[in-house]
Amino acid sequence: RPLTGLARSVRTRTPEALDPFSESGVPDEALPLVSSLNELLGRLRGAIQAQRDFIADAAHELRTPLTALQLQAGLLERATGEAERSAALRDLKAGLERAIHTVQQLLALARNEAGATRAGSAEISLAEVSRQVVADHAALADARKIDLGVGALAPGSTILGDGEAMRTLLANLVANALCHTPAGGRVDVSCGIDAGRVWLEVVDNGPGIPADERERVFDRFYRRSGQGASGSGSGLGLAIVHSIAQRHQAEIRLEDTAGGGLTVRVVFPAAPPTR
């Protein structure tokens, strides 16, 4: 009878009713099952709430650029002279680029959130990923007059994981460094092995991140002091980095660069010993 009641309770559960099962009256032999079910329900509650929070945040964040696009389109329609029309069209194009970037970052975050479907693990050379990402961002670095390059790339710096996600992680770190490093500055990418743990590092000589903000910069849509909602960033880059690092059980360290700037180091777990 207690097991029949438990089975009936499981069948009637919905995403809106994920409270834990009562252990009262459950036979001792079934207690481990009830405990495991309650742990599963707790994880489901967390995943569903995270999904709801993500949708609410995304809807709120997209409202501003979409409203701006609507206003810019109206200004273009009302433009009377060629100069006014050109200025309105330029603002509209810039607004579209910002909206597209935000949507792309939202999609990247959704793909890499903890609990998302994982791609198969493969051996990834962080040295090769570093070269690819630096090459992809060379034009942007040149346009901003920033010296972007690779430092020491240890050939044995390989991990098991999702190669596309790892490129996304490094691309966001490099883009973030380029965004905050002033013209004439420098951004270097390197990788290596320390005490059996592989690491990936991006070093810049920009303004850095104050110590009291370093915990919050990984939050979705968080913008640093002085960087309002009108800034060019979406506030999602480091949140994406954090999600990918979590999927790969990696640790992110934010440190001051000698001489000024920020050093971001992603440290991956040591490989299990071979028998």
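**Reading the sheet and its salt bridges**

Tutor: Start with β5, which is mostly covered: 7 of its 8 residues are buried. Keep in mind that this is a predicted model.

Student: Which strands form the sheet, and in what order?

Tutor: Read a sheet by its strand order and its pairing. Here 5 strands form an open sheet, ordered β2-β4-β5-β7-β6, with mixed pairing. β2 (147-153) and β6 are the edge strands; each has a single partner strand, so one side of each lacks a neighbour in the sheet. From one strand to the next, the twist averages 15°.

Student: How many bridges join β2 to β4?

Tutor: β2 and strand β4 (residues 186-194) run parallel and are joined by 5 bridges. To place yourself, find valine 150: its bridge partner in β4 is valine 189.

Student: Which helices pack on the sheet?

Tutor: Look for contacts, then for direction. Helix α4 (residues 126-136) packs on the sheet and touches β2, β4 and β5. The direction of α4 makes about 170° with that of β2. α6 also packs on the sheet, touching β2, β4, β5 and β7 (262-267). The direction of α6 makes about 25° with that of β5.

Student: In what sense do β4 and β5 pair, parallel or antiparallel?

Tutor: β4 and β5 pair in the antiparallel sense, over 8 bridges. Serine 190 stands opposite glutamate 201 in β5. Now look at the turn. The hairpin of β4 and β5 has 2 residues between the strands, and alanine 195 takes a positive phi near 55° there.

Student: What lies on the other side chain positions along a strand? How should I read them?

Tutor: In a regular strand the side chains alternate between the two faces of the sheet.

Student: How many bridges join β5 to β7?

Tutor: β5 and β7 run antiparallel, with 5 bridges between them. Tryptophan 199 stands opposite valine 267 in β7.

Student: What lies over the face of tryptophan 199?

Tutor: Arginine 265 does, at 3.8 Å from the ring centre.

Student: Which parts does the salt bridge of glutamate 251 and arginine 197 tie together?

Tutor: The N to O distance for glutamate 251 and arginine 197 is 4.0 Å. Glutamate 251 is in strand β6 (residues 251-256) and arginine 197 in strand β5 (residues 197-204), so the pair ties together parts 54 residues apart in sequence. Both are partly exposed: glutamate 251 at 34%, arginine 197 at 26%. Arg197, Glu251 and Arg253 are also linked in a network of salt bridges.

Student: Arginine 214 and aspartate 256 also meet in a salt bridge. Is arginine 214 buried or exposed?

Tutor: Arginine 214 counts as buried, at 16% relative accessibility. Aspartate 256 counts as exposed, at 58%. Their salt bridge is 2.4 Å, N to O. Arginine 214 lies in the loop between β5 and α7 (237-247) and aspartate 256 in strand β6, so this pair ties together parts 42 residues apart in sequence.

How values were computed: Residues numbered from 1 in each chain as written. Predicted model: local features only at pLDDT ≥ 70, side-chain atom pairs only at ≥ 80, totals over all residues. Heavy atoms only, no water. Lys NZ or Arg CZ within 6 Å of the ring centre and 35° of its normal. Salt bridge = Lys/Arg side-chain N within 4 Å of Asp/Glu carboxyl O. Helix = DSSP H or I, 4+ residues; strand = E, 2+ residues; numbered from the N terminus. Buried < 20%, exposed > 50% of the residue type's maximum accessible area, 1.4 Å probe, protein only. Pairing = 2+ DSSP bridges. Axes fitted to C-alpha atoms, helices over the stretch in contact; angles between N-to-C directions. Contact = heavy atoms within 4.5 Å.
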